[in-house]
Amino acid sequence: GLLAMSVPSGLRSAAEPHGSALQAVGLPLVEVLSFDATGPNAPDRGELRAMEVRLRDAFARFDFADVKDGDDRLAAARCRAAPSRSIFTLAALAEGREDGGFSLLLRLSDACDGVIVWSGALEGLYGGARLPESEARVVREISGMLMETHGVVLTRARTQARTMAFAETGSNAPTSAFGCVAEAFAVLGEEDGAEPTAARACFSTLAEQDAGFGLVHAVKAALMLHQLTGDVRADSSRAEAADMLHEAELAVELEPASAYAARTLALVQVFVGEGELAYQSARRALELNPLDYDVAASAGAVFIAAGRVDEGAELIRWARAQGAAATSELNAYLAVAAFLRGDRAAAQALIASLELHPSLASRLALALAFKTLDRPGDMREAIHALVRVAPRGADGVRHLVHRMLASQDLADRALTTLEASGLSPQAASDKPPHG
């Protein structure tokens with residue numbers, strides 16, 4: 001069959017604490033080692049331990065890695081025990097300075113091959129009464145960089161899983177449970193060589209084999225959403241949308257502490273038109289992990305869709321400034337927000353990126369951006385191009401607007417503007433619409 005694996009029984013149940021069974025799926029392991037210190041005014045052992053614990057606990061908020069205290073001397077044994085699993089160690093050296101502060105030099109290593117995969121330094125940290133401020137800065141600047149879905153840890157672990165799958169099968173079709181995760185994120189990130197059919201089949205199998213592991217259902221729902229986003233035919237996806245919503249709701253029920261599950265549910269709720277519920281789910285995702293800036297950016301898109309336009313646009317911009325990935329979907333929502341706010345500068349800044357990634361959402365956002373900039377000819381041309389490629393033409397575009405904007409008022413406002421500028425069944429013809 002597709003999967004040369006067996007999924008262990010006894011995966012995490014809703015009653016178990018977050019992260020307790022991630023190893024059962026072979027997700028990467030990050031071990032935070034004891035930090036060292038040197039030089040005058042260096043932090044003492046208690047202060048170093050406080051930073052270790054804060055950083056480890058922050059890492060544990062992220063969903064796709066296991067996190068624990070570690071011992072570098074046991075690395076070889078751990079790698080022999082789990083040869084297909086990515087294992088990382090985080091070490092740090094605090095160097096005291098004459099002015100009373102210290103710098104923190106951090107190093108993330110692949111425990112199984114000894115390679116340093118990332119290093120960084122933070123300057124201007126202080127102990128004593130200012131230690132909490134320094135701890136917060138360390139956590140804020142390091143957590144997302146290493147632990148987000150496009151961060152150092154998951155990116156390297158995914159590459160290793162896909163390389164292993166290719167070596168075994170000659171394709172990227174997953175050969176392990178974590179291989180499913182790796183391929184799913186390749187699909188969701190629209191990476192070259194990603195295999196959507198294999199990823200979806202893999203997660204369907206995982207979900208059937210162990211319904212108690214909520215993240216399986218969350219990623220399955222995310223894959224379903226990715227597949228349905230480009231299909232704007234109203235009658236072809238009603239049953240699939242209901243199944244997707246069920247998967248997303250089940251994920252949150254089984255993983256109430258998962259920011260990824262809450263964020264996925266919010267995006268699915270936007271898709272099915274449940275704007276207020278989507279807003280509440282997005283707020284919950286932010287509360288569960290305020291350090292995951294990709295989650296924050298997605299929450300911003302949900303806020304816009306649900307009618308909190310100013311709040312959503314500012315949240316996306318803030319998340320991007322912190323390091324969130326700049327995706328074409330987020331650009332589309334920022335352009336829609338610029339239209340709704342009458343923000344000409346924001347609309348102008350987004351034109352090039354919208355034209356570079358001509359998805360249905362980007363094409364729709366481009367038309368609205370041209371409206372914001374008072375470029376009626378370009379807007380009519382953009383609408384004509386959108387209708388020409390959308391399934392079911394103008395009706396498909398109307399359905400797309402409602403899928404992107406769960407707020408009925410905002411959807412009506414966008415549609416009124418589009419229809420006044422040429423959105424009609426005739427827009428699918430070879431000639432641009434008149435008027």
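## The largest pocket

Lining the largest pocket are 47 residues, and Leu 188, His 226, Arg 263, Thr 327 and Glu 329 lie nearest its centre. The elements giving two or more residues to this lining are H5, H7 (214-229), H9 (259-271), H11 (293-305), H13 (328-341), H15 (360-372) and H17 (393-404). By class, the lining divides into 24 nonpolar, 13 polar and ten charged residues. The space in this pocket comes to about 1500 Å³.

On a 1 Å grid over the protein atoms alone, a pocket is an open set of points with protein on both sides within 12 Å along at least five of seven lines, a cavity is a set where a 1.4 Å probe fits but cannot get out, and lining residues have an atom within 4 Å of a point. Volume is the space filled by probe spheres set on the points, which are joined across faces, edges and corners. Helices (H or I, at least four residues) and strands (E, at least two) are DSSP runs numbered from the N terminus.

## About the model

This is a predicted model, in which local features need pLDDT of at least 70 and side-chain atom pairs count only at pLDDT 80 or more, while totals for chains, interfaces and linings use all residues. Residues are numbered from 1 along each chain as its sequence is written, and side-chain values use heavy atoms, with hydrogens and water left out.

## Two cavities

There are two cavities of 30 Å³ or more. The largest holds about 50 Å³ of space, and its ten lining residues include Phe 64, Val 181, Phe 213, Leu 215 and Val 216, which lie nearest its centre. H7 gives the most to this lining, with three residues. The lining has ten nonpolar residues, no polar and no charged.

The second largest cavity has a volume of about 40 Å³. Its lining is made by Val 336, Leu 364, Leu 368, Val 401, Met 404, Leu 405 and Ala 414, with H15 and H17 as the elements that give two or more residues.

## Two loop residues with positive phi

Now for the backbone. Asn 41 has a phi near 60°, a positive value in a residue other than glycine. Asn 41 belongs to the loop between strand S2 (36-38) and helix H1 (45-59), and is partly exposed at 44% relative accessible area (between 20% and 50%, with a 1.4 Å probe and protein chains only).

Glu 190, also not a glycine, has a positive phi of about 55°. This residue is in the loop between H5 (177-188) and H6 (196-209), and counts as exposed at 61% relative accessibility (over 50%).

Technical notes: Nonpolar A, V, L, I, M, F, W, Y, C, P; charged D, E, K, R; others polar.
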